[in-house]
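Q: I would like to go through this structure step by step. Could we begin with the backbone and the loops, and then move on to the sheet and the core?

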Amino acid sequence: MSIDIIEDGTPCDYCGTLITFYDDDFTICPECGNEFWNMDYTGEFPGDRPDHI
């Protein structure tokens, strides 16, 4: 899988689950594990992955 850039509330490209970022810049799809960057992130600096890899 790849890391894709999408908007909050967009369906996952692989399984169709709606992706929610909860005011973060990165998330992992809860159904298929695909990784997404938030194209609307407005923070000063993008953070680290939530799983700290």
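Q: Is Asp 23 buried or exposed?

A: Asp 23 is exposed, with a relative accessible area of 81%. Please note that this is a predicted model.

Q: Where does Asp 23 sit?

A: Asp 23 belongs to the loop between β1 and β2. Its phi is positive, about 60°, although Asp 23 is not a glycine.

Q: And what is phi for Tyr 22?

A: The phi of Tyr 22 is near 50°, a positive value in a residue other than glycine. Tyr 22 also lies in the loop between β1 and β2. At 69% relative accessibility, Tyr 22 counts as exposed.

Q: Let us step back. How many helices and strands are there in the protein?

A: The protein has zero helices and three strands. Read from the N terminus, its elements run β-β-β.

Q: What is the order of the strands in the sheet?

A: The order is β1-β3-β2, in an open sheet with mixed pairing. β1 and β2 stand at the edges with a single partner strand each, so one side of each has no neighbour in the sheet. On average, neighbouring strands of this sheet are turned by 30° against each other, direction ignored.

Q: How many bridges join β1 to β3?

A: Four bridges join strand β1, residues 3-6, to strand β3, residues 35-38, and the two run parallel. Within this pairing, Ile 3 stands opposite Glu 35, and Ile 5 stands opposite Trp 37.

Q: In which sense do β2 and β3 pair?

A: They pair in the antiparallel sense, over three bridges, with β2 covering residues 26-28. Here Thr 27 stands opposite Phe 36, while Phe 26 has Trp 37 as its bridge partner.

Q: How far apart are Trp 37 and Phe 26, in sequence and in space?

A: They are eleven residues apart in sequence and 4.6 Å apart in space, C-alpha to C-alpha.

Q: Which residue takes a positive phi in the hairpin of β2 and β3?

A: Gly 33 does, with a value near 85°, in a hairpin that has six residues between the strands.

Q: Returning to β1, which residues make up its covered face?

A: Asp 4 and Ile 6 form the covered face, whereas Ile 3 and Ile 5 form the uncovered one. In general, side chains in a regular strand alternate between the two faces of the sheet.

Q: Now the core, please. Which residues make up the largest nonpolar core?

A: There are six in all: Ile 6, Cys 12, Ile 19, Phe 21, Cys 29 and Phe 36.

Q: What is Phe 21 in contact with, leaving aside its neighbours within four places in sequence?

A: Phe 21 is in contact with Ile 6, Glu 7, Asp 8, Phe 26, Thr 27, Phe 36, Trp 37 and Asn 38. Of these partners, Ile 6 and Phe 36 are also listed in the largest nonpolar core.

Q: What about Trp 37: how much relative accessible area does it have?

A: Trp 37 has a relative accessible area of 28%, which means that this residue is partly exposed. Trp 37 is found in strand β3.

Q: A change of topic: how many disulfides does the structure hold?

A: The structure holds zero disulfides.

Q: Finally, some totals. What share of the residues count as buried?

A: Of the 53 residues of the protein, 26% count as buried. The accessible surface comes to about 3,700 Å², and 50% of that belongs to carbon and sulfur atoms.

Q: Among contacts between residues at least 6 apart in sequence, what share join residues at least 24 apart?

A: That share is 27%.

Key: Residues are numbered from 1 along each chain as its sequence is written. This is a predicted model: local features need pLDDT of at least 70, side-chain atom pairs count only at pLDDT 80 or more; totals for chains, interfaces and linings use all residues. Side-chain values use heavy atoms; hydrogens and water are left out. A nonpolar core is a set of buried Ala, Val, Leu, Ile, Met, Phe, Trp, Tyr and Cys residues joined through side-chain atoms within 4.5 Å. Buried means under 20% relative accessible area, exposed over 50%, partly exposed in between (1.4 Å probe, protein chains only). Contact means heavy atoms within 4.5 Å. Two strands pair if DSSP finds at least two bridges between them. Axes are lines fitted to C-alpha atoms, for helices over the stretch in contact, and angles run from 0 to 180 degrees between N-to-C directions. A disulfide is a pair of cysteine sulfur atoms within 2.5 Å. Accessible areas come from the Shrake-Rupley method with a 1.4 Å probe; for residues, only the protein chains shown count as cover.
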